[in-house]
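Welcome! Please take a first look at the model below, and then we can walk through a few of its details together.

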Amino acid sequence: ITYFRWGPHHGTQANMISGQGGFEIPGDMSYGPEHTHYTMEGGCNTCHMAEANADKAGGHTMAMAYSQYGSSVAHTAGCQECHSGIESFDFAGTQTEVRALLDELRTVLMDRNLLDDSDHIIPGTMAANEAGSVYNYLFVLEDYSDGVHNHRYAKALLNNTLDWLEENK
């Protein structure tokens with residue numbers, strides 16, 4: 001790898017939702033598109049273009065959150081049909097779990113000199129699974145949903161990657 005900007009291009013959302021495109025290291029967790037958001041009638045528009053909150057979120061903004069008095073406010077109007085009463089996107093702690101896995105993987109990759117503190121790969125020669133480990137970190141990071149789009153796929157990528165790195169120190 002000769003350039004620090006190597007990796008998936010920004011915007012991995014479609015691949016994340018469909019459960020494909022990550023570097024699938026074999027492990028205890030299985031991969032696949034088995035996820036409710038993948039088969040949701042109306043697709044992305046169901047949540048991202050839900051009832052608008054003025055010009056802040058929903059509608060044609062595609063925004064799922066907006067800033068109010070210096071804080072981020074989740075616009076969950078599109079989520080209510082399936083997740084009645086939801087007020088944040090951290091449904092069942094999914095975002096908390098995925099963020100923790102991302103943080104853990106980032107630390108391991110930085111400790112192994114595969115990733116710098118700007119989230120760029122450190123160019124050089126490495127094993128395919130090492131490069132794939134950085135790719136998976138960037139793939140999940142660049143989805144920007146912290147697991148909301150497809151928590152099963154995100155967690156499988158991160159857990160299997162962390163397991164492989166632990167087994168291959």
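Is T12 buried or exposed? T12 counts as buried because its relative accessibility is 5%, where buried means under 20% relative accessible area, exposed over 50% and partly exposed in between (1.4 Å probe, protein chains only). This is a predicted model, in which local features need pLDDT of at least 70, side-chain atom pairs count only at pLDDT 80 or more, and totals for chains, interfaces and linings use all residues. Residues are numbered from 1 along each chain as its sequence is written, and side-chain values use heavy atoms, with hydrogens and water left out.

T12 sits in the segment before α1 (13–18); helices (H or I, at least four residues) and strands (E, at least two) are DSSP runs, numbered from the N terminus. Its side chain reaches the backbone nitrogen of D143 at 3.2 Å. Beyond neighbours within four places in sequence, T12 is in contact (heavy atoms within 4.5 Å) with F139, E142 and D143.

Now to a pair of helices. The axes of α3 (residues 94–111) and α5 (residues 151–167), lines fitted to C-alpha atoms over the stretch in contact, come within 10 Å and cross at roughly 30°. Angles run from 0 to 180 degrees between N-to-C directions. The two helices are therefore roughly parallel to each other, a label for angles under 35 degrees.

Two residues other than glycine have a positive phi, as tabulated here.

How values were computed. A polar contact is a pair of N or O atoms within 3.5 Å; within protein, one must be able to donate a hydrogen and the other to accept it, and residues adjacent in sequence count only if both atoms are side-chain atoms. Angles under 35 degrees count as roughly parallel, over 145 as roughly antiparallel, 65 to 115 as roughly perpendicular and the rest as oblique.
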